[in-house]
Amino acid sequence: MKMVSAAKLKGDEGRRMTAISFNNWADALNGPPQLVEDATFEELPQRSLIVTLQSDKGLCGGINSFITKSVKNCVAALQKQGKEADIAVIGDKGRGQLRRAYPELIQVSMTEVMSPGNFTLASALASELIAAGAGDYDAVVLMYNSFKNAATYTQMYKVIKPFSGEGEDEPLLAYEF
């Protein structure tokens, strides 16, 4: 059993290393992710969609619970600032936890998401979010666990705002597709 777990961890670490170059490109467009524990969420606009990335299966209770706690803190901070927030949940564990706290804020829930993640999966999830109305928000906030080591994760969030600008202000001018 330990050999199977070690092989899965090795595969996950390899996929993580491959994704780092994409993450650097995404950071240039939207800014780097930020730690949730130090956040005041004052930089978020008036209307945000919080997308939680959690798991469908048990795993360790803290992995999913820490993200749920982060979402609750974010929603409370935004409401205190007079801002609006809705929630999109990816993962069955998060859906169960957040449904008890904020049933009226959950706009969409996606479960049985296949693992490991790849571009096709990310594209399908993004399409589902757009179809559910993500384009109507001033920003989309991704909340997720960032791998530190086999025993530790840190909770991060990344704000994705719509691209706007024309001519020299075009955000993707430097990139050729």
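Q: Before we start, what counts as buried here?
A: Buried means under 20% relative accessible area, exposed over 50%, and partly exposed in between, with a 1.4 Å probe and protein chains only. This is a predicted model, where local features need pLDDT of at least 70, side-chain atom pairs count only at pLDDT 80 or more, and totals for chains, interfaces and linings use all residues. Residues are numbered from 1 along each chain as its sequence is written, and side-chain values use heavy atoms, leaving out hydrogens and water.

Q: Thanks! Is T68 buried or exposed?
A: T68 counts as buried because its relative accessibility is 4%.

Q: And which helix is T68 in?
A: Helix α2, residues 61-80; helices are DSSP runs of H or I, at least four residues, and strands are runs of E, at least two, numbered from the N terminus.

Q: What does T68 touch, beyond its neighbours within four places in sequence?
A: Q54, G94, Q97 and L98, where contact means heavy atoms within 4.5 Å.

Q: New topic: how many helices and strands are there in the protein chain?
A: Four helices and six strands, in the order α-β-β-α-β-α-β-α-β-β.

Q: How many residues are in the largest nonpolar core?
A: It has 22 residues, and F41, I50, V71, I87 and M143 have the most contacts inside it. Such a core is a set of buried Ala, Val, Leu, Ile, Met, Phe, Trp, Tyr and Cys residues joined through side-chain atoms within 4.5 Å.

Q: Which element gives the largest share of this core?
A: That's α2, with six residues.
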